[in-house]
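Keep the viewer open and follow the stops below in order. Each one says what to select and what is there.

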Amino acid sequence: MFQPNMFDSHHHLLDMGHNKTPENEMDLIRDDDYESKSGTDIMEAPSGDEQDPNQRPNKKKRYHRHTQHQIQEMESFFNECPHPDDKQRKELGRRLALEPLQVKFWFQNKRTQMKAQHERHENTQLRNENDKLRAENIRYKEALSNAACPNCGGPAAIGEMSFDEQHLRIENVRLREEIDRISGIAAKYVGKPMLTYPNLPTRSLDLGVGNYGPQAGLSSEVFGAADLLRSVTGPTDADKPMIIELAVAAMEELIRMAQSGEPLWIPSSDINCGELLCEEEYSRIFPRGIGPKPLGLKSEASRESAVVIMNHVNLVEILMDVNQWTNVFASIVSRAVTLEVLSTGVAGNYNGALQVMTAEFQVPSPLVPTRENYYIRYCKQHSDGTWAVVDVSLDNLRPSSISRCRRRPSGCLIQELPNGYSKVTWIEHVEIDDRAVHSIYKPLVNSGLAFGAKRWVATLDRQCERLASLMANNISAGDVGVISSPEGRKSMLKLAERMVMSFCTGVGASTAHTWTTLSGSGADDVRVMTRKSMDDPGRPPGIVLSAATSFWLPVPPKRVFDFLRDENSRSEWDILSNGGLVQEMAHIANGRDPGNSVSLLRVNSANSSQSNMLILQESSTDSTGSYVIYAPVDIVAMNVVLSGGDPDYVALLPSGFAILPDGPTDPTVGINPEVGSGGSLLTVAFQILVDSVPTAKLSLGSVATVNSLIKCTVERIKGAVLCDVA
């Protein structure tokens with residue numbers, strides 16, 4: 001069976017296998033003698049012509065290279081059977097014109113090669129996990145080193161952070177042990193010494209994302225120090241029974257708060273404020289809750305009801321899906337994250353769903369600090385068919401010295417009505433430190449119109465009307481400019497929704513970005529920030545400069561809103577239109593109020609470069625605020641959208657206005673020359689592409705130009721609306 005030259009070439013191996021070792025001992029010899037050989041090479045004795053007469057014949061060897069066909073056949077066989085037996089090796093050698101020993105060595109080398117590849121891959125995974133744990137350990141230590149006293153705000157002394165410090169120390173010990181264990185495993189493969197971190201260097205906690213907004217970092221890195229501790233992991237297993245108990249108690253409190261009347265709720269003398277909560281009665285009825293009100297915080301409580309055009313199933317889904325919730329309430333919720341889902345519900349719906357969340361709530365102005373909450377959201381269907389969704393803060397489980405806002409049981413009750421309608425009763429009950437609110441916004445915030453139940457319900461009602469108009473199929477095609485195509489309406493409304501969300505996330509005082517105040521004279525200072533736009537099909541690439549300013553006008557909000565949304569008066573304030581005539585080319589009504597609409601405008605400018613410029617504009621209004629948001633759009637891209645094409649690839653840089661009432665007022669009383677007398681709080685925000693190269697440096701000239709542009713726009717608006725009032 002064997003050829004004579006093979007006996008000559010491998011006689012020492014065959015003799016060893018025959019006389020000294022059985023078949024299983026050949027594997028030990030293979031480990032020492034053949035692991036370093038190529039999987040496709042085998043050594044053979046040279047022919048007589050190639051031998052050096054000065055050397056012994058056995059010392060000179062050459063490699064025999066297998067053919068490509070042989071390699072492919074053995075590779076294919078290896079994938080099915082990496083350990084062939086003697087019979088399989090002989091059959092494979094017969095088919096490929098190889099000796100069984102050659103086949104055996106090839107398979108041994110192939111197994112060694114695969115083992116090495118697997119070990120390298122496993123080593124890479126272990127090193128990545130090691131780096132991740134090391135980074136988490138550093139974050140915990142930095143957060144602990146920056147801890148502050150919950151009472152005075154100063155550095156925490158030993159003993160004042162007993163609960164948090166003990167928790168973090170235990171967590172750090174566990175992380176060190178985990179790092180050492182993984183480092184030991186990694187050292188086994190790469191030959192490096194084990195890494196230990198007994199004394200990690202301390203440095204200032206750098207959690208900001210520069211001036212580029214949330215796109216510049218991961219979602220967990222755009223939070224402040226308190227949020228970092230909360231967003232790294234969800235609640236511990238030890239906390240979960242307490243969380244469930246807290247959720248059940250919060251649900252019971254919400255139901256009673258929604259269904260009770262006097263003396264718990266007292267009618268307000270101000271028609272815009274609705275009902276006021278009697279804190280003494282509240283403390284008597286709900287003595288436990290989440291604990292007493294911390295020093296320095298004040299209570300805000302409100303209740304509001306409305307009938308909305310949406311069925312209860314869709315409403316519950318919007319509230320329990322964080323992405324839908326953020327989209328619908330984009331003007332209120334600047335950021336939200338679901339940290340952990342403790343229960344998804346039962347029977348295929350959200351009944352019993354429980355999730356841990358963190359969210360940031362805003363007013364559309366840089367002058368009002370956002371409110372950040374770490375809380376649970378619990379959904380339940382009650383026996384009478386009513387659905388309820390309740391939020392309650394978890395700060396009592398993980399107290400934080402940085403928390404300025406606690407969310408007592410808040411949420412809504414949803415009752416099903418005929419014809420797809422629902423009745424919503426909303427409760428907002430928070431404890432807040434609002435000392436950082438600017439003075440011109442104080443009356444609005446104190447009235448509850450800024451963050452209260454009335455604003456949530458008004459926003460929900462308006463968004464339900466918007467969604468209803470999106471699904472309408474009875475649009476008349478006879479009116480000029482009305483988009484009757486369902487596909488075109490859907491694409492244009494989707495594009496407008498993205499424009500509104502982009503505007504709202506960039507106009508407030510969110511901690512996800514940093515505003516820089518330019519020189520000014522007080523409340524109407526211009527604040528700017530920059531953002532690098534890269535690899536985002538919905539934004540033009542380059543450096544984007546955002547500028548915003550807020551100021552008070554002694555003019556009713558409706559008058560300001562009508563002036564800014566009217567295309568016929570646009571040339572009075574829009575400097576970029578160069579005084580050209582503005583025409584409405586297309587129109588989509590978004591609700592009962594004529595001010596709720598999406599429009600496509602064309603600017604007929606004397607400047608030839610702007611003669612074909614189109615502007616997408618959405619205007620919306622309710623009793624708690626109004627918006628006029630717009631963005632220049634490409635005419636070719638808009639033709640695609642109006643034909644029902646994908647709107648996600650249309651680049652937008654939205655600018656616009658947020659118009660809020662300056663506080664609760666009686667409409668029968670005239671406006672006085674002071675904040676809180678029926679005037680308007682107007683925020684003007686621009687986004688301008690100052691350089692199409694994302695890596696370019698921002699020039700001071702660009703900042704000065706945008707500053708001049710926004711100040712000139714403000715002066716034009718003041719001149720126009722104050723002149724009309726006079």
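Predicted model: local features only at pLDDT ≥ 70, side-chain atom pairs only at ≥ 80, totals over all residues.

**Stop 1: proline 647**

Select proline 647 first: setting aside neighbours within four places in sequence, proline 647 is in contact with Ser491, Lys494, Leu495, Arg498 and Val641, where contact means heavy atoms within 4.5 Å. Proline 647 sits in the loop between helix H17 (635–642) and strand E20 (655–661); helices (H or I, at least four residues) and strands (E, at least two) are DSSP runs, numbered from the N terminus. With 4% relative accessibility, proline 647 counts as buried. Buried means under 20% relative accessible area, exposed over 50%, and partly exposed in between (1.4 Å probe, protein chains only).

Residues are numbered from 1 along each chain as its sequence is written, and side-chain values use heavy atoms, with hydrogens and water left out.

**Stop 2: the whole protein**

The secondary structure comes to 18 helices and 21 strands. Of the 726 residues, 47% count as buried. Among contacts between residues at least 6 apart in sequence, 66% join residues at least 24 apart.

**Stop 3: the nonpolar cores**

Which residues have the most contacts inside the largest nonpolar core? Select Trp325, Phe329, Phe361, Trp426, Tyr441 and Leu460; the core they belong to has 46 residues. A nonpolar core is a set of buried Ala, Val, Leu, Ile, Met, Phe, Trp, Tyr and Cys residues joined through side-chain atoms within 4.5 Å. Leaving out neighbours within four places in sequence, phenylalanine 329 is in contact with Leu319, Trp426, Trp456, Thr459 and Leu460. Another core lies apart from this one and has 32 residues, including Leu564, Val628, Ile659 and Val684.

**Stop 4: helix H14**

Select residues 453–471, which form helix H14. Is H14 largely enclosed or open? Of its 19 residues, 14 are buried, so H14 is largely enclosed by the rest of the structure. Its end C-alpha atoms are 27 Å apart, which agrees with the 27 Å that its 19 residues should span at 1.5 Å a residue; the expected span is 1.5 Å times one less than the number of residues.

**Stop 5: H4 against H6**

Select helix H4 (residues 68–80) and helix H6 (residues 100–145), whose axes come within 11 Å and cross at roughly 60°. Axes are lines fitted to C-alpha atoms, for helices over the stretch in contact, and angles run from 0 to 180 degrees between N-to-C directions. Ile71, Met74, Glu75, Phe77 and Phe78 of H4 make the contact with Trp106, Phe107, Lys110, Arg111 and Met114 of H6.

**Stop 6: two lysines and an alanine**

Lysine 380 is in strand E8 (residues 371–381) and is partly exposed, at 31% relative accessibility. Not counting residues up to four places away in sequence, lysine 380 touches Met251, Asn351, Gly352, Thr386, Trp387 and Ala388.

Lysine 90 is partly exposed, at 43% relative accessibility.

Finish at alanine 509, in the loop between helix H15 (486–507) and strand E13 (516–517). Alanine 509 is buried, with a relative accessible area of 19%. Its C-alpha atom is separated by 6.9 Å from that of leucine 367, 142 residues apart along the chain.
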